[in-house]
Structures are given as structure tokens and as C-alpha cells.
Amino acid sequence: MTSSETLNDLARNLRWDWHAPTRALFRDLDPELWDAVDHNPVALLRRVDPSRLTDPEVERRAETLWQELQSYLEADDTWYRRETGGRDDDEGPLVAYFSAEFGLTECLRIYSGGLGVLAGDHLKSASDLGVPLVAVGALYREGYFKQELDGEGRQTETFPVADFDDLPLRRVTRADGSELRVLVPYPGRTVSARVWRADVGRVPLYLLDTDVPENSDADRRLTARLYGGGQETRIAQEILLGMGGYRALQEMGVEPGTYHMNEGHSAFLALELAGDIMRSRDLDFEAAADEARSRCVFTTHTPVPAGHDRFSEELMGRYLTETAHRLGMDLDQLMELGREEPGEGPFTMTVLAIRLSRATNGVSALHGAVSRDMWHGLWPDRPVDEVPIGHITNGIHVPTWVDPSIAATWGVDPDRMGIDAGTPEPDAGRLWEAHGRRRRALVDYVAGRTGVQLDADVLTVAFARRFATYKRATLLLADLDRLDAILNHPERPVQVLFAGKAHPKDQGGKALIARITEVSRDPRFRGRIVFVPGYGIDVARELVQGADVWLNNPRRPMEASGTSGMKAAMNGVLNLSILDGWWDEAYRGRDEDTPAPGWAIGRAGDQVRTQEAADRADQEGLYRALEEQVAPLFYDRDDAGVPARWVARMQESIRQVAPFFNTHRMLRDYTQRYQAEGQAAPSPTARAPSQI
């Protein structure tokens, strides 16, 4: 192979995103161009000076890394093989993982936030562990929007059109070389979808794309934007994902043992599976649904009622009447599969997923409890604590999110965290030195993106997440005089970075961004508060690796998990958070004699009568924590200028968080609890409700 061929092979497998030496090779070819193409090695190789590709050192590095990639892809000593004895190649995948979004790398803009990033990390760990998994999603030509701020600090959205041939993707073809097409029924027409493949290490991700010549202009735009349009666009996209995704696997001859629905967007796949079983086994729907249920598992991600897709009977009638007839039922019977109350209300995708899955789980211990309460009505004869919804706590993919220089201080192999690496024991001196470099890099990064020069020696707090109103992005700004005293303290100054996107239709979220930028322009807060636009995987990586404190202050219990805090914690960044989602589990689940890996805002058992009272209480708790605990500890230095007690907390954060809150452990839980081949039906505490 030539050097160019070797580099192209490396670029086409997304393992480069979490394999630091391969990523460094592409960056070193042309650092400015690497940034200009959003860290896309396929686009880089098409534009870089060809002479760089024949440099002997580049050729040597590329050949070494290519050989490493082949060894990785062909390894037969994976965790899964050791754990289960493996599978023969002709047995097919254990799991088909369906998700509306996948956050794998910054150049592939088919994600909006935490749900997609979690899905991307899920695939990366499946690859590392050797879990035989395929994934299914949609390929959005315009993706999720790119965020900028106008002159008044308000969010604006642009939708750059992607050239899929310029991305680490390839078209799926038939044996004769023609493009594979999947046909999906819609009212009065059939929509055709092309299938693309992204290789995520060992895991193939198949992405459906309706932007093909045989479709109408309207149907070509079905995969234009992630979460774009109204209810009609949403139901059409979810039919494509669930039914079209199922059909794509069938067209390719892929027969998974388990279908894993990541959130309710793909739940229509269970109807398609049941219909297939009816036809192949000559069964009625009830019997076929029982078998389909035995092959599906469902992960719910939101405790916020508005976060669950609901469709009116009129919309369901237009789009699903033919499906109902194929399944031997009328529309009202189909509606009952997704209704929360018998005989009334809209069709809820989460309810369909619960009813047609053998197991349902939330994404943290607290979220599991909230979900049992939220969906208690589906089991009206059971006490709420016996509702069969469990939990598997989310995690993060360590090699993707932990800076290599931080990981190098751990004393264990970070790539094996969650398998057999043991507990990290970070070296204090090396950890503080590495963190200092990352904070300085963050300051330079912010200056490059915003033009604002921060101080690399000042305590740096970061708040970065989706700008939904319940996350209370502006809680810190409630009392500007008090905030002024905290941020501009003569001996203990603090600087705050904000980042995040509001959905284009979320005017409340947009107002929060405008408020932050307004306050940042107040003379008291210039150089102390900065909003970093363009939030995505690239911005998140810089923040979780370079901040000192990770702030999270949602209204409890509305944060299902909050994986950004895990990313920060494993980099030695201390969390300052409401006891919600994963932080409730981490903060309260430790041994009582073990120091906390950060600070809690408020107490889990606090009872307040109104939302306003809760906001005031949490605001006070946040200010007091910064004034009395966080800033004093950071600036408490020894003779060498090191905050020894702060560094001890950094070490404790890594020790406590890294072994459990990672996707290797999460994948082990899913595989062993819900997806293991030959596994018996779940226990009564994990059963789906009976057929209605």
C-alpha cells in the first residue's frame, strides 16, 4: 500500500477520534487545515499539500498506525470473547442499537447533545470490548445547526450542507455494485432511502438518507435536519428510523438477537419486527408481539414530560393506518399500544417502546426511580416501587474524553477502565502540572474563539450543556452584586465560561443565552464571564479537560444523568452540582469516610413548596459554596504554590468516578443484564407490561 492509501484507510475508520496517536498524525499534516475542516481526516487528505503525504516520517507513522489498527480490528482476545466464549462470524450481531442521533466526532454533525454523545460513546466501548453490535441512525444533510451570536449576543442558526463523500463514510452497495435502497411506506407513496456506513472501530453504523433522486423534494428533505420541522416531520423521521432502519438490516441480511432502542424515537421498529414475525410464523399480532417483546430492550433518557414524543390520533391515522391493517388491527387498537390512559390521549412513543420491550431502564439510579413514578400508570395495580423499570447508569468513553496527559498520571491503563484496570492512583504533582497545561490551553482556545483573554492562573468555572430552561443556566447571575464580589475578589478571583445551544424554537433557552452575553458585557464582568459559541464535541472536550470546576444546577429531579460532569471529573475537574442525575449517585454513594469528589448544592431531602423557593434556595447554596468552600480551597497554597488540598480532591474525583462512570462498565451491564445471548426472560422487576 502507498502512504496515501494507508492514510485513507486510517481516515475511513472513526477509531482515529479516540486513538490519540492517529489523531495526532492527521493534525500534524497541517494543523491549520485540520482545524479548518473540523478535524475531518477525509477532507484533510483531499486538501493537504500532496508532498506532505510522501514525507518519510509521515509514511513511517502511518504504516505503524495502520498495522495497529489491523491488530485492533482482528483481535480475538476481546472482553466479550473472554466473557462469553465468543460467537462464530456467521451468527450475526448480538445487538442492533437504534438512535436518532450519534455524537461520534465533531465533523459528523448528526447529534445535538448528550443523548447523541452517549450513543457515540456506547458504540466506541462496544468496539473496544468486542461486543458484536451494529447501529442504525439517520444521516442528516444539514445536521443540527451551527451556532453563532449576533451583535446583540443572541443565538443565530446556520445549517451548512454536508458533502457526504467528504466525510468518513461509504455508500452501502449490493453484490452487483448498485447502491442499496430501502423502501419505506408513507401515506400514498413509498419513500426510498440510501444507506451509508460509518466504521466505528469494529462497529458498523448504518445511516439512512432520503436525499435521492427518486424521491419528491419534500421527501428528500426528510433527512435534512435533526429535530427540524414540526410534528409531521417528526413522525415521518421516526417511521424512517424505526421501520426503515429495521428494513435496512433485513435488506443487508443482518439478523440481530436484540434490538436496543435508545430513547423512543425508534420504537416503530418493534411494530415492524412483530409484523415480520406474524408473516414468517403465521401468528396473530398478540403472539407475534410477545416474541418481538422478547427481542427488544428500551432505554429512556428524560424525566421531563415534554421530552417524550406524542402524536395525535389524526396524525397517526394518516401515517400508520396501513401499518395497523398489516398487523391485523384497526387504528384504535394501534393507538392503544401507545396510550398512557385506556381509550384516550395521544400516542406516546415511550409507551409503545415500554410495552414492546422485555426490559426498560433509566440512566441513573435516581432517574430509574423518577421513571417508575412517571410511568406508574401503565401498571396501576402495582406499588410504584414495583414498577418494572430498572436503571443502568450512564458512563463516558474514557479514551475519547480524558486528556492523555491526565490519563498518564493515573498509574493504570485508562483504556481498560471498567474492565480490569483497577482504581486509578493519580500522582499529585504530575496531575497538577498536567492540569495547569490544560487550563492554559483552554484560555488560549477561548481567546481564539471569542477574542476574550482570560487569566490562566484564575479559578475557572465552566457551565456547558443544552440550554433547556430547567437547567437554569442563569442561576449564577441572579444577584449581580454578590456575583461581582465573588468573581472580582481581590485575593480569590473567579472566571466563568458558558457554552451550549438552545433549540431553534426554544425562545426561553435563547433568552438565557442573551442574558449571559448581556451580563458578560457589563464592565464588572468583562474578562470574568465569557460565552463560548459553537458548542459541540470539540468545545466540550476543551472545557471538560481545562476547567477547574464543572457547574451543573438543574431543577431536581429533571436531570436524567448529566454525563458532562463525568467527563470533567475524570480529568480532575471538581463538580459543583445539584444532587441530581449521576451526581446524586456519585456524591451520596461513596463511603462516608471518603472525601467528596466535589461539592453538592443543597441537599437531596430538601423540601420546598414552590419552584421559586427552590430557585432561591439553590441560588444561595451556589453562592455560599463558591464563597466559603470552592474559592478558598483553590487559593489555599503551600510554599511551592500548590493547592495541596485541592489536588487531593482532584485525585479523589478520578479515583471515585473513573472505575464506575464509564461506558465500558455500562456496556458490561447492558450485555450481562439485558442482551446476553441465551438469557432467560427478565425477572419480575424488569418485565414489560402485559399486552393490552
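**Entry 1: α2 and α6.** I began with this pair and noted that α2 and α6 are roughly antiparallel to each other, a label used for angles over 145 degrees. The model is predicted, so I kept to the rule that local features need pLDDT of at least 70 and side-chain atom pairs pLDDT 80 or more, whereas totals for chains, interfaces and linings use all residues. Residues are numbered from 1 along each chain as its sequence is written, and side-chain values use heavy atoms, with hydrogens and water left out.

I looked up the geometry: helix α2 (residues 20-29) and helix α6 (residues 56-74) pack at about 155°, their axes lying 10 Å apart. Axes are lines fitted to C-alpha atoms, for helices over the stretch in contact, and angles run from 0 to 180 degrees between N-to-C directions. Helices (H or I, at least four residues) and strands (E, at least two) are DSSP runs, numbered from the N terminus. I recorded the crossing of α2 and α6 as left-handed, that is, with the near helix turned anticlockwise from the far one by less than a right angle.

From α2, Pro21, Thr22, Ala24, Leu25, Asp28 and Leu29 make the contact, and from α6, Val58, Arg61, Ala62 and Leu65; contact means heavy atoms within 4.5 Å. I sorted these residues into 7 nonpolar, 1 polar and 2 charged. Here Ala, Val, Leu, Ile, Met, Phe, Trp, Tyr, Cys and Pro count as nonpolar, Asp, Glu, Lys and Arg as charged, and the others, Gly among them, as polar.

**Entry 2: α19, α22 and Arg439.** I found that the axes of α19 and helix α22 (residues 537-546) come within 8 Å and cross at roughly 140°. The α19 side of the contact consists of His435, Arg438, Arg439, Leu442, Tyr445 and Arg449, and the α22 side of Asp538, Val539, Glu542, Leu543, Gln545 and Gly546. By class I noted 4 nonpolar, 3 polar and 5 charged residues.

Is Arg439 buried or exposed? Arg439, in helix α19 (residues 428-450), is buried, with a relative accessible area of 5%; buried means under 20%, exposed over 50% and partly exposed in between (1.4 Å probe, protein chains only). Not counting residues up to four places away in sequence, Arg439 touches Trp432, Ala456, Val458, Thr460, Gly546, Asp548 and Phe634.

Entry 3: I next took helix α25 (residues 611-634) and α26, which pack at about 105° with axes 7 Å apart. They are therefore roughly perpendicular to each other, the class for 65 to 115 degrees. Val630, Leu633 and Phe634 of α25 meet Arg645, Trp646 and Arg649 of α26.

In helix α24 (residues 581-589) I listed Gly581, Trp582, Trp583, Asp584, Glu585 and Ala586 as buried. The elements they pack against include α16 (365-374), α23 (563-570), β19 (574-578) and α26 (644-657).

**Entry 4: Val184.** I located Val184 in strand β6 (residues 181-186). At 0% relative accessibility, Val184 counts as buried. Its contacts beyond four places in sequence include Arg189, Thr190, Ile239, Leu240 and Arg247.

**Entry 5: the whole chain.** I counted 27 helices and 20 strands in the protein chain. Its C-alpha trace spans about 80 × 70 × 50 Å along the principal axes. Of the 692 residues, 60% are buried.

Methods. Angles under 35 degrees count as roughly parallel, over 145 as roughly antiparallel, 65 to 115 as roughly perpendicular and the rest as oblique.
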